Amino acid sequence: MSIWWSLHLRREAASVPLARRLLVGAMETAGVDPDVSYDLSLALSEACANAVEHGGDASTTDYRVTAFIDGDTCRIEVTDSGPGLPRGRHARTLAAHSARAPQPACQAPAHQVRQPAAPRETPLAEHGRGLFLIEELTDRVRFRDRPGRDGTVVSFDKILKWRDDAPFMAS
């Protein structure tokens, strides 16, 4: 079973719950375990909030969300048209996030032990927790600049668990 959808959303706060609701509805219909669905919806909300806040200037009015459910794996990508990944101090943090889980989610064993996250410079800061949450809620996260264009792509994978009555359960 495969499900795929893509949205082009305006860079405004009201778009975040729309993307989240669409994902939760697709997961519920497919029969994904509610805990897994919740983790993915929270990770998606954080990625969308980052795209809304950091995804460009006044001339960039939209961003894209794409979700793929293929077999037992869900991959979500959020693409914006902002300035790309930060350089310097923040780039090292992003590199640490990207390097944490080198295997694709579909190849990661279910019992894989996660390494501790890189320490935060300001753990009580109002900003900067979104990437950490995405990383903790999913099995693999990648951050990259859009090739040949301004913008960032945040993609993350999660191995799915299914409800017993799942109509589209992967075999």
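Predicted model: local features only at pLDDT ≥ 70, side-chain atom pairs only at ≥ 80, totals over all residues.
Colleague: In which sense do E4 and E5 pair, and over how many bridges?

Modeller: Strands here are DSSP E runs of at least two residues, helices are H or I runs of at least four, and both are numbered from the N terminus. Two strands pair if DSSP finds at least two bridges between them. E4 and E5 run antiparallel to each other, with six bridges, and Arg142 has Ser155 in E5 as its bridge partner. Their hairpin puts six residues between the strands, and Gly148 takes a positive phi near 75°. Residues are numbered from 1 along each chain as its sequence is written, and side-chain values use heavy atoms, leaving out hydrogens and water.

Colleague: Over how many bridges do E3 and E5 pair?

Modeller: Seven, again in the antiparallel sense. Thr73 has Ile159 as its partner in E5.

Colleague: How many residues of E5 are buried?

Modeller: Buried means under 20% relative accessible area, exposed is over 50%, and partly exposed lies in between, using a 1.4 Å probe and protein chains only. In E5, seven of the eight residues are buried.

Colleague: What does Ile76 touch?

Modeller: Contact means heavy atoms within 4.5 Å. Leaving aside residues up to four places away in sequence, Ile76 touches several residues, including Leu23, Leu40, Leu44, Thr66 and Phe156.

Colleague: How far apart are the end C-alpha atoms of H2?

Modeller: The expected span is 1.5 Å times one less than the number of residues. For the 21 residues of H2 that gives 30 Å, and the ends are 30 Å apart, which agrees. At the start of H2, an Asp33 side-chain oxygen comes within 3.0 Å of the backbone nitrogen of Asp35. Just after the helix, Gly56 takes a positive phi of about 150°.

Colleague: What covers the buried residues of H2?

Modeller: An α-helix has 3.6 residues a turn, so residues three or four places apart point the same way. The buried residues of H2 include Leu40, Ser41, Leu44, Cys48 and Ala51, and their cover includes H1, E2, E3, H4 and E5. Ser41 counts as buried at 5% relative accessibility, and touches Arg20, Leu23 and Val24 beyond residues up to four places away in sequence.

Colleague: Which side chain does a polar contact join to that of Thr66?

Modeller: A polar contact is a pair of N or O atoms within 3.5 Å; within protein, one must be able to donate a hydrogen and the other to accept it, and residues adjacent in sequence count only if both atoms are side-chain atoms. Thr66, in strand E2, is buried at 7% relative accessible area, and its side chain joins that of Ser6 at 3.1 Å.

Colleague: Which element has the lowest mean pLDDT?

Modeller: Helix H3 (residues 89-99), at 49, whereas E3 has the highest, 97. Residues 88-93 fall below 50, with three contacts beyond near neighbours in sequence. The chain mean is 80, and 73% of residues reach 70 or more.

How values were computed: pLDDT = per-residue confidence, 0-100.
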